[in-house]
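Me: Please take a close look at one part of this model, the cavity and what surrounds it. Give the cut-offs as you go.

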Amino acid sequence: MPASDVSGFYKKGIEERLQIVKGFAGLNDEEVNELRKFGAMSFDVADRMIENVIATQQLPLGIATNFKINGRDYLVPMAVEEPSIVAAASKAAGIARLSGGFKAEASPPIMIGQIQLLNVKDPEKAVAAIEKNSRTIIGLANEADPVLVKFGGGAKKIETRALDTERGKMVIVHLLVDVRDAMGANAVNTMCEKIAGKIEELSKGEARLRIISNLAVYRTVKSRAVFGKKALEESFKQGNLKGEEIIEHILDAYHFAANDVFRACTNNKGIMNGVDAVAIATGQDFRALEAGAHAFASLKGKYTALTRYRKDREGNLLAEIELPIAVGLVGGAVKTSPVARVAVKILGVKTASELAQVMASVGLAQNLAALRALATEGIQKGHMRLHAKNIAVMAGAKGKEIDAVAAKMVEEKNIMVDRAKEILLELKKK
Ligand code: NAD
């Protein structure tokens, strides 16, 4: 077995790195050539973004249509590997559009930086000293980022509390920072490191962790939309279900998620299908969004759905979502990834807050579409139609053969690679 302790891998050029990996994993020339296809992002750009680069992993970038948010039309770029997501978002946005589209709002872009203080002899006294000197601490934090301050952001507030743990009492300081159009992690982390010394002095403790919290409770986004009963009935021709019945089914599905953690988890996964796809398309830190969303979903002591549904006076479906969305238009990969730059331009958003409002609306559309499908025909029908195309490709179908093989498998309700190969052979014989 070859060894993985390759010394100085980062110092080697792309070809040498490829040869090392080729030898280690027994890749053939064809496989190495796949890795050499860098696409829109050159090796130089990729190698500056992360370490030890040998290739770029490419994802399909689709456009979700029909989105109207706060009266404005958007074409929404979504990068994701899973079939059905873009289609579902577009379909749900089309229904919402008939009742005016999504109404979204975002709170100010306040992120929390945390400083952990250990070995504090008198936690109460430390909390009081830090609070008393909060203006000085905020001023010091702002010295670390004059650019952010120039744009109207910067450190705004300090919150301090004692925390009981198995390793004794700690004092935890929260630095609240308005990060404007940045995601904010670097900005906040830098400030936390800058003020740590002063905080140690005031608390007579030892500052250890100094890091942003991804639970951005002050940076949440809300979006809501009305899904009309007639529109739901007409958009999804499914059996004999009337619009009112579809809405009842969706409400049953929602209340399942609101009260059951197993269902809530998958409900929220479906929401993040949309949120993450826009995040990846636009070069955002989707792990930060995931962590924040799921922690927010359990903030009231019970993990629950990030969406809410009820009927309005006319019996139409009123859908709402609220979640933290920390995204940026400056910093991170937004400006370095060439496709992300174009995706932001397609979207036409001018602020991070506007981007967050689009993402929340996409998450809501995604959830409505999933609940509608699950609560009526089940999701496999639509899913498998698209999945069949992947299976056809796996079986070796090319060009027009893909649709033909996929259609036949769907018709036969037998979507398997072996069957796809047989159909392909039959097609070729013809
Ligand atoms: P950044 O530091 O690259 O950019 C933010 C800076 O841009 C600000 O501090 C400010 O000086 C400047 N700026 C210029 N114009 C601005 C404007 N209009 N609004 C706001 N700032 C403006 O990036 P960041 O957003 O601070 O950090 C994001 C990166 O940090 C991401 O790549 C993320 O993956 C990474 N990160 C995340 C975590 C985490 O989430 N836990 C931890 C560490 C790093």
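Reply:
**The cavity and its lining**

The largest share of the lining of the largest cavity, three residues, comes from H14. This is a predicted model, in which local features need pLDDT of at least 70 and side-chain atom pairs count only at pLDDT 80 or more, while totals for chains, interfaces and linings use all residues. Residues are numbered from 1 along each chain as its sequence is written, and side-chain values use heavy atoms, with hydrogens and water left out.

A cavity here is a set of points, on a 1 Å grid over the protein atoms alone, where a 1.4 Å probe fits but cannot get out; lining residues have an atom within 4 Å of a point. Points are joined across faces, edges and corners, and a volume is the space filled by probe spheres set on them. One cavity of 30 Å³ or more is found in the whole structure. The volume of the largest cavity is about 70 Å³. Its lining has 13 residues, and Ser107, Pro109, Arg219, Ile325 and Ser353 are the closest to its centre.

Strand S8 (220-227) and H14 each supply at least two lining residues; strands (E, at least two residues) and helices (H or I, at least four) are DSSP runs numbered from the N terminus. By class, the lining holds eight nonpolar, three polar and two charged residues, with Asp, Glu, Lys and Arg counted as charged, Ala, Val, Leu, Ile, Met, Phe, Trp, Tyr, Cys and Pro as nonpolar, and the others, Gly among them, as polar.

In H14, 21 of the 24 residues are buried, so this helix is largely enclosed by the rest of the structure; buried means under 20% relative accessible area (1.4 Å probe, protein chains only).

Notes: Buried means under 20% relative accessible area, exposed over 50%, partly exposed in between (1.4 Å probe, protein chains only). On a 1 Å grid over the protein atoms alone, a cavity is a set of points where a 1.4 Å probe fits but cannot get out, and a pocket is an open set with protein on both sides within 12 Å along at least five of seven lines; lining residues have an atom within 4 Å of a point.
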